[in-house]
Amino acid sequence: MTDEHIIEAIGMTRVVIRDGVVVETGEPKIHSCPLAKRFAKPVDPITSAAVADNITARIDRFGMCTKNREVLDKETFVLFGASELMTTGLRTGRIDAAVIACDGAGTVIVRSPELVQGIGGRMSGLVSTTPYPEVIARIEEAGGFVVNKKTGAMDAHAGLAKAKEMGWTKVAVTIAGFQHELAEEIRATYPNALIIAVHTSSVASLEDALRLAKASDLVFSCASKYVREAAASCALVQGGVGVPVFATSKPGKMIIMDRLIETDQPILVKNTRLPVSDMGSIPDPLI
């Protein structure tokens with residue numbers, strides 16, 4: 001099997017990693033992002049070279065896209081990140097399992113906050129990956145389950161089916177923002193799933209954004225102007241400003257409320273029309 005991983009990384013930049021080395025880096029579609037400025041290795045402005053340097057630093061630091069991939073972490077990166085919300089959900093019992101994607105493994109079912117944070121808090125935008133027995137073993141040692149050990153395929157639907165088969169009833173699942181049809185299929189098949197739409201910069205239209213929001217519980221805005229437009233009509237709560245997450249259902253709202261209760265950070269709570277974007281920098285450009 002070819003040792004290859006493809007990521008749509010910072011600024012929607014296509015990155016190809018082979019044998020632990022960045023071999024291709026495309027042109028970013030986003031030039032600036034408030035989150036990218038806060039990375040351990042900041043990316044500002046977003047250029048092909050800066051993205052390659054950042055991914056290389058992740059490979060060196062925790063083995064991303066290699067057999068040395070570390071999968072456990074306790075450190076949180078942002079207040080309202082997808083992995084942070086899922087770790088809170090697991091700690092409070094709001095969810096009892098999460099279906100997410102991991103480089104070196106594919107779709108995985110996790111029940112440990114440290115495993116969610118170690119996988120999802122360090123990597124996003126995974127398009128395809130090569131499975132490593134060493135990474136799979138670490139995930140299993142931490143209590144996780146890899147859905148397809150042979151191929152490392154990413155299949156949220158299969159992950160949910162397996163999680164239900166294993167007896168978990170309150171399952172969160174992450175999907176890419178352009179997969180609004182998958183979100184609708186999952187909602188129809190698993191009405192109680194907590195659907196989290198991430199990596200939404202590629203949402204192609206307001207209609208798609210509205211379909212995504214209707215089917216999901218939590219929708220991240222990333223650099224999508226359409227998700228922000230959709231939020232005006234369906235968001236119940238907004239978490240964050242620069243790259244906000246919108247709760248579009250009561251279960252999504254509750255998990256954001258749990259996160260507010262859990263954090264020691266000072267918080268302003270105010271009723272207002274959503275979305276709010278004039279309290280800090282946002283990605284540039286919105287697409």
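How are α2 and α3 oriented relative to each other, roughly parallel or roughly antiparallel? The views below come from a predicted model, in which local features need pLDDT of at least 70, side-chain atom pairs count only at pLDDT 80 or more, and totals for chains, interfaces and linings use all residues. Residues are numbered from 1 along each chain as its sequence is written, and side-chain values use heavy atoms, with hydrogens and water left out.

**View A. Packing of helix α2 (residues 82-92) with helix α3 (residues 113-120).** The axes, which are lines fitted to C-alpha atoms over the stretch in contact, lie 9 Å apart at an angle of about 170°, and α2 and α3 are therefore roughly antiparallel to each other (angles over 145 degrees, on a scale from 0 to 180 between N-to-C directions). In contact (heavy atoms within 4.5 Å) are Ser 83, Glu 84, Met 86, Thr 87, Leu 90 and Arg 91 of α2 with Pro 113, Val 116, Gln 117 and Gly 120 of α3.

**View B. The buried residues of helix α5 (residues 156-165).** Ala 156, Gly 159, Leu 160 and Ala 163 are buried (under 20% relative accessible area, 1.4 Å probe, protein chains only). They cover an arc of only 100° around the axis, which puts them on the same side of α5, the arc being that of the directions from the helix axis to the C-beta atoms. Their cover includes β4 (97-102), β5 (106-110), β8 (171-176) and α6.

**View C. Helix α6 (residues 180-189) against helix α7 (residues 206-215).** Their axes come within 9 Å and cross at roughly 25°, which makes α6 roughly parallel to α7 (angles under 35 degrees). The contact involves His 180, Glu 181, Ala 183, Glu 184 and Arg 187 of α6 together with Asp 208, Arg 211, Leu 212 and Ala 215 of α7.

Key: Helices (H or I, at least four residues) and strands (E, at least two) are DSSP runs, numbered from the N terminus. Angles under 35 degrees count as roughly parallel, over 145 as roughly antiparallel, 65 to 115 as roughly perpendicular and the rest as oblique. Buried means under 20% relative accessible area, exposed over 50%, partly exposed in between (1.4 Å probe, protein chains only).
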